[in-house]
Structure formats: C-alpha cells, structure tokens
Amino acid sequence: MTFSHYRALSLSCLGKRTIKTGIEKKQQLKGSAMPTPAKTIENYFDAIRRKDADAWVACFADDAVAFDPAHTPARRGQDAHRAFFEGVAGQFSELNFQPGEPFVCGNRAAVNFTAQCRARNGRQAEVQGIDVFHFDDNGNIAQLEGYWDPAPLFIAAGA
C-alpha cells in the first residue's frame, strides 16, 4: 500500500467529525433514513438503559454475530440476541449503561462504556468495558465484540 492509500484510510476513520463514513455517503445518495453507526450505537445503549429488548434487537442485522463478552461463544441471530438480553435484563431493575464518544472508522466503531446496575435483589454493581461494532450497509450491527468482565453483575444478581 502506498502512503496515499494509508492517508485515505486514516482520513476515512475521522468518521462523523469531518468526513462522512461509507454508510453515510450511501444514505446521502439514496436519501434514506438508515441509521448511521453513531446513531445505531446511541440506540443500542438507550435500549439497554430502558431495558427494551425489541429496540435493542432492532439494532442488529438478522444474521448478526456477537461475542459478548469477547471470550464467550458466538451468539448468532436475533432470537439468540433477544434471549441473551432478556436473560440479563430480567435480573436487574436498573441498567444504566453510559457510552463514551464512539470512534467510528468506516463501517466499524469502538466505544468505551461505564455501567452502574442495580440487581432485583437491591445489590449494585459497576462495570466498564469497550464494545467493538462492525456494521452492515444498512447501518445495523453485523458483529459485536464486547471487552468487559461480567463477573460483578453476576455477583450482584446472585447468579
């Protein structure tokens, strides 16, 4: 790869700051209302805070794969994502996930998060982590890798 190729790639990683991502350019050309990676990330964390399984699953492509946490077996498809979400969310009265600024690079993004959670038994837990997203051409999550330790949540929930 030449220097100009690397420069073009690095400029595309500026994402929403100064240069539109490939997904955003396609949306502008088509005039569609497809979500941008940044908007999908916003919707993803908002759905967690509201404990809204439908809204959360809607962030994923039909055939999306998630490694969440990253060292666990792959979770594939919307039924599996829904079961995961409902299983976790059902143990907590509050899931206050707060994302940091997303770093969007083309059809990928990484975002750090902090979460303060209250289990149904009243115990609290805090976790931090980084989610790495890969988006399809429609702006939906095609793959997710979550880098965090869920142990504090399990301990608080008594699991």
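Read along the sequence, the protein chain of this predicted model follows the order α-α-α-α-β-β-α-β-β-β-β-β-α, which comprises six helices and seven strands, where helices (H or I, at least four residues) and strands (E, at least two) are DSSP runs numbered from the N terminus. Residues are numbered from 1 along each chain as its sequence is written, and side-chain values use heavy atoms, with hydrogens and water left out. Because the model is predicted, local features need pLDDT of at least 70 and side-chain atom pairs count only at pLDDT 80 or more, whereas totals for chains, interfaces and linings use all residues.

Of the 159 residues in the protein chain, 38% are buried, a class defined by a relative accessible area under 20%, with exposed meaning over 50% and partly exposed the range in between (1.4 Å probe, protein chains only). The protein chain exposes about 8700 Å², of which carbon and sulfur atoms supply 54%; accessible areas come from the Shrake-Rupley method with a 1.4 Å probe, and for residues only the protein chains shown count as cover. Among the contacts (heavy atoms within 4.5 Å) in the protein chain with a separation of 6 or more, 52% are accounted for by residues 24 or more positions apart.

Side chains of opposite charge can pair when their charged atoms come close. The structure holds seven salt bridges, each defined as a side-chain nitrogen of Lys or Arg within 4 Å of a carboxyl oxygen of Asp or Glu. One of them joins the side chains of Glu42 and Lys39, with an N to O distance of 3.2 Å; the two residues are three apart in helix α3 (residues 37-50) and are therefore separated by about one helical turn. Both ends of this pair are classed as partly exposed, Glu42 at 45% relative accessibility and Lys39 at 37%.

A salt bridge is also formed by Asp46 and Arg49, whose closest N and O atoms are 3.9 Å apart, and these residues, being three apart in helix α3, are likewise separated by about one helical turn. Asp46 is partly exposed, with a relative accessible area of 29%, and Arg49 is partly exposed at 30% relative accessibility.

The side chains of Asp54 and Arg82 meet in a salt bridge at 2.8 Å, N to O. This pair links distant parts of the chain, with Asp54 in helix α4 (residues 53-57) and Arg82 in helix α5 (residues 77-89), 28 residues apart. Asp54 counts as exposed at 51% relative accessibility, while Arg82, at 26%, counts as partly exposed.

When residues up to four places away in sequence are not counted, Glu145 touches Phe67, Ile130, Asp131, Val132 and His134.
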